[in-house]
Amino acid sequence: MASREHLGEFEQIVLLAVLRLGENAYGVPVRQEIEKRTRRSLTVGALYRTLDRLEDKGYVASWFSDPVPERGGRSKRYFRVEPLGIRALRQSRQELAAMWDGVELPKAMHGR
Amino acid sequence: MAAKFPRLIVLLFRLRFLRSAEFALGDLMEEWNAGTGTRRWLWRQALSMMWLGTERTHSAYPQRGNNMNLISGFWSDLRYAARTLRKNPGFAFVAVLAISLGIGVNTGIFTVLNGVALRPLPVPGAADIVSVYQTIRGLKSRNVHGAPSLFSWPEYKSYRDDNRVLSGLAAYEPFLDVTLGGAQPQQLFGQLTSCNYFDVLNEPPALGRAFSASDCAVAREGAVAVLSDNLWRTTFAADPAIVGRKIVLNRQPFTVIGVAPAGFQGTEPMASQFWAPVTMQFPLGRDIDWFEKPDMSWLVLLGRTKPGVSRSQVRADLAVIAGRIDQLTPDRKTTLQIETGRFLSMPEERKYVTAVGAVLLSAVGMVLLIACANVANLLLARAAGRQKEIAIRLSVGASRGRLIRQLLTESMLIALLGGALGSLIAVWSFEAIVGFVFSHLPREAPPVAVGVGPDIRVLGYAVLLTLITGIVFGLIPALQASRPDVNTALKQSGIGGKSSDGFRHALVGTQVAVSMMLLIAAGLLLRGLYLAQTIDPGFEMKNVAAVSFDLRGQGYDAARAGIFQRQVMDRLAALPGVDAVTEAGNTPLSDSHRGTVFSLPGHPGDYQVEFNEVSPEFFSLLGIPIVRGRNFTGNEARTGAALAIVTESTARRFWPNQDSIGKILHMEGESDMQVIGMAKDAQVSHLARSNETYLYLPAGPKQQIRMKLLVHGADAFASTATGIQAAIHSLDPGLVVDVAKLEDNLEVWRAPSRIVAILAGSLGALGMLLACIGVYGVVSYAVSRRVREIGIRMTLGADAREVKRLILRQAMWPVVIGALVGIAGCAAVSQILKSMLFGISPHDPLAFVIVPLVLLSVALLASYVPARRATKVDPMVALRYE
């Protein structure tokens, strides 16, 4: 790859959530997983905007389920992380690990 | 189970995404039904999707043709268009600016026309007010004061009393000038009205009462008046005890009974200062009592329809009454014109307003046309650049309609931005135009009651104009660009087809032609104006004061007027610095003219002739020599002898190769007049026209009541004027005396041509600017498209000058053709400007040569700049260029 696409922090979080959920990765659990683990609130708008962007880059793929009655007869849009996405995640982790290697955060900044 | 999922959110999703984000809606429903969050949370989620969400069309929901995507398609088209414009700020700026100038000028002019003649009268419930005018055929004669379409008092009474469709019908005499007596007499403009005038218009006085029926009961009685708020404040210092006070109008005492509300300035475009009952027509100093006359046109009718009555019912009902009136006079046939009440609604005025409005709107329409051609051209050039993109879209299945829609959205966006900016310009230009026109009107122009800004009508006009504009300049480029010749387009590397070239050239030609017409018109007018400033009218205008006063309005009869005039002339002649005084019926080059018909003994037929009544001093004071025969003597003038002095042209016309002295002129009902002298031609009647038939007659005793005075003084005008005022007031303190420089009469002639010249000039300049942007755009586009060809030519040894010449030649031919068309077009229509050209031919060679030269050189410059760029092309870059 000539110009490596760099993953943003939120993109990493979304990709990891999809990975964690495996077969069950559609909107509701993805959003809840991220809220539960990161303790930040997240809107569906922001979530789908990011997922659409990741799909455009080929990092995730999505497909639709059959209609579900509890959802007013609407289908779920499922996501799966693609090999390109795995590669990007791995690269991000390596970069971060390289940067973290040997870093000791000053005591004061640990806080709380 | 949680509460029901809000329908509104479903609706918003449909509007925003149609069905392409159903999965997200499903997510929200699932969480809502599971009781995850509050209503507030739900709305936050839903709105985040509105704001941030993107469309992902879902194959599980088959598309319902193209219609399904109409809204979301428009939405994405709009965003796409906004994005493309943002990416080309230069193009966007030029296009929006051009359109906004075009729409701005148009809306500004329309605002003025709307204020003057289109909007209903500014009174409560104006939609129910109708104006009534009549056309009468089959009458041998009818007396007219004002216009033939007006009514007599007996006619008015029939319509008022016999109709069943109006809740009230008022009548008024529109043009009344009177003198308000007092320490400082002043001229007032007002109306004689029927006594229900204020009731019909629903404008009850702010102070005191309106007229009551008893005020109008008896002819020559009812000496009461209602003042305008403005007159009350300026002249009577807003005296709260004004009601009941006596004022003097034309030497008649009137009792003030009320003050009109502040916003009401009458129903004429000139602001009214007072109103008096129609019965006071004769006492107010008119020489004829026409109040009861059945065959006298002098009253305008305004009625208010009863609730629920339609215009056609009004027409039918009043036509019955008209038919009854017709039966009283054999052969009389009356047709009524019934319209919504507006300013300048009199048919005679309408005709003029419509003509002026049409000329103005077509001039500004031309500017908008240039702007449209310009933007269309830019769009075409851009579309040619996007040919490949468009071809790809077509080949992967986009329909042509879909593409046109997207391209039109882009042009609509430009039109809307331009329209919004243009409306701002319009508000500004409305004030500028009004201020400009009023500052250039002659001195004696009256205050107007039509100073109104934009209203809903103007807004509607601007919106409509914007939409039409968007389609006009967008449609043809969109049609051109989306032609489905996918194959050729894909093969070519970004080069537009031949036919779009031709179309672009036609557009440039149109722009040049139109701005050429505007500029030549401006050039002609400016030449005429220059001539008017420098023209020698053939008589002395400097150091001459023109003095006028209204003796009839002050109750003088002919005998007293004669005595008074003699006294005044003696006093004025004795003033320091004054060396000559003369009487004249009309001051030279004023806007009033007197004409008559005479015949020559032994010759069949009548001749129209203009004349002026003068005393003997007239000729020496104005420096007009008597070239043959003699002047009147003082005694001949005093007695009004049957003598005449003719001008050289008149003598040449009627007695070629003969001596005119001693010839006889026969006038119907007068004693025959003998010609005693011949005066040198001078432009005393129309500026730049001296070869008219014109007579000077002695200012006899019968004419004394309306004589004006010319005073020649060596001193500064201001001190002479003060002296004249004081001298006349010492004889009659109640007289309103107007003293003006004789030179000011020239203003009457120059003002219209100055106004039109500056308007046409600025529109023409605007048009030229836009046309040059167009030329520039087309040439730079052509150059950028031919970089490769130019590179090859240069590599093969063509020199820069040759390349430049090639580009210029191809760029200039549509310009030259457009210029020729423009010249021909202007030559065809310039006749309508003739009255403002002061002797310059409407085909004045100077204007027809210089203006095209200027325009062509500017166009040449506009194409030279990009052409020069072409020769700076590096051959290596050019060859690799795709």
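Which are the buried residues of helix 1 of chain A? In this predicted model, local features need pLDDT of at least 70 and side-chain atom pairs count only at pLDDT 80 or more, whereas totals for chains, interfaces and linings use all residues. Residues are numbered from 1 along each chain as its sequence is written, and chains are lettered from A in the order in which they are written.

Chain A contains five helices and two strands, which run α-α-α-β-β-α-α from the N terminus; helices (H or I, at least four residues) and strands (E, at least two) are DSSP runs, numbered from the N terminus. Of the 112 residues in chain A, 28% are buried, a residue being buried if 20 or more other C-beta atoms, placed from the backbone, lie within 10 Å of its own.

In helix 1 of chain A, the buried residues are A:E11, A:V14, A:L15, A:A17 and A:V18. They lie on the same side of helix 1 of chain A, because they cover an arc of only 155 degrees around the axis, the arc being that of the directions from the helix axis to the C-beta atoms. These buried residues pack against helix 2 (27-38), helix 3 (44-56), strand 1 (60-68), strand 2 (74-81) and helix 4 (83-100) of chain A. Just after helix 1 of chain A, A:G22 adopts a positive phi of about 55 degrees.

Between the chains, 23 residues of chain B are in contact with 18 residues of chain A, contact requiring C-beta atoms, placed from the backbone, to lie within 7 Å. The largest share of the side of chain B that touches chain A, 11 residues, comes from helix 2 of chain B.

Methods
Two residues are in contact if their C-beta atoms, placed from the backbone, lie within 7 Å. A residue is buried if 20 or more other C-beta atoms lie within 10 Å of its own, exposed if 12 or fewer, and partly exposed in between; C-beta atoms are placed from the backbone.
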